[in-house]
Amino acid sequence: MLVALHGGQVPSSYAELEALPGVGHKTASVIMSHCFGMPAFPVDTHIHRLAERWGLSSGKSVEQTEADLKAVFREELWNKLHLQLIWFGRQHCSARAHNPQACPVCVWAAPNRAKE
C-alpha cells in the first residue's frame with residue numbers, strides 16, 4: 001500500500017499516515033516527530049498513566065492527555081520530552097508494583113498518592 005499509494009515514500013502528513021492500515025494517531029505522531037522533525041507529543045499508555053499520576057491531565061482519554069501536555073509544555077520540548085517521559089516511567093514509575101514513595105516525581109507531584 002505504501003508503494004502503490006505513495007511511491008514507496010513515507011507520507012509526511014497525519015491524514016495520509018493515519019489512512020495507512022495499522023497506523024493510528026500515536027504512530028503517526030512518532031513518525032512526524034522523529035522522521036520529519038515536526039513538533040508532536042505522541043502519547044502512549046506510559047505517558048498517559050504518568051500524566052494522570054502527576055496531575056498533568058485528567059486521564060480521561062489519550063487524546064485529552066495529549067492536549068493537556070501540549071498546553072503545559074513548550075512546543076520545542078515535545079519531541080524529546082515524550083521519549084524522556086517513557087524512559088523515566090519505565091525506570092522510576094512503573095505500572096506494576098508501583099511504589100509512589102520511591103518515585104521522585106510522585107513524591108512531589110502527587111503527595112496524596114505517595115502516602116498510600
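These legends describe close-up views of a predicted model.

Residues are numbered from 1 along each chain as its sequence is written. Local features need pLDDT of at least 70 and side-chain atom pairs count only at pLDDT 80 or more, while totals for chains, interfaces and linings use all residues, and side-chain values use heavy atoms, with hydrogens and water left out.

**View 1. The protein chain has eight helices and zero strands.** From the N terminus on, its elements run α-α-α-α-α-α-α-α. Helices (H or I, at least four residues) and strands (E, at least two) are DSSP runs, numbered from the N terminus. The C-alpha trace spans about 55 × 30 × 25 Å along its principal axes. Of the 116 residues in the chain, 34% are buried. Buried means under 20% relative accessible area, exposed means over 50%, and partly exposed lies in between (1.4 Å probe, protein chains only).

**View 2. Helices α3 and α6 pack against each other.** Two packed helices are described by the angle between their axes and the distance between the axes. Axes are lines fitted to C-alpha atoms, for helices over the stretch in contact, and angles run from 0 to 180 degrees between N-to-C directions. For α3 and α6 the angle is about 125°, with the axes 10 Å apart. That angle makes α3 oblique to α6. Angles under 35 degrees count as roughly parallel, over 145 as roughly antiparallel, 65 to 115 as roughly perpendicular and the rest as oblique. The crossing of α3 and α6 is left-handed. A crossing is left-handed if the near helix is turned anticlockwise from the far one by less than a right angle, and right-handed if clockwise.

**View 3. Helices α4 and α5 form another packed pair.** Their axes are 10 Å apart, at an angle of about 65°. So α4 is roughly perpendicular to α5. The crossing of α4 and α5 is left-handed.

**View 4. K70 and E66 form a salt bridge.** Side chains of opposite charge can pair when their charged atoms come close. A salt bridge here is a side-chain nitrogen of Lys or Arg within 4 Å of a carboxyl oxygen of Asp or Glu. The closest N and O atoms of K70 and E66 are 3.0 Å apart. Both residues lie in helix α5 (residues 62–72), four residues apart, about one turn of the helix. K70 is partly exposed, at 28% relative accessible area. E66 is buried, at 8%.

**View 5. E76 and R74 form a salt bridge.** Their closest N and O atoms are 2.6 Å apart. Both E76 and R74 are exposed. A search of the whole structure finds two salt bridges.

**View 6. L2, V10, F36 and M38 make a nonpolar surface patch.** The patch covers about 310 Å². Patches are made of residues with over 30% relative accessible area and no salt bridge: like charges are joined within 9 Å, nonpolar side chains (Val, Leu, Ile, Met, Phe, Trp, Tyr) within 5 Å. Accessible areas come from the Shrake-Rupley method with a 1.4 Å probe; for residues, only the protein chains shown count as cover. M38 is found in the loop between α3 (25–34) and α4 (45–53). M38 is partly exposed, at 40% relative accessible area.

**View 7. A97 is found in the loop between α6 (78–92) and α7 (104–109).** Phi of A97 is near 55°, a positive value in a residue other than glycine. A97 is exposed, at 80% relative accessible area. Q101 lies in the loop between α6 and α7. Q101 counts as exposed, at 55%.
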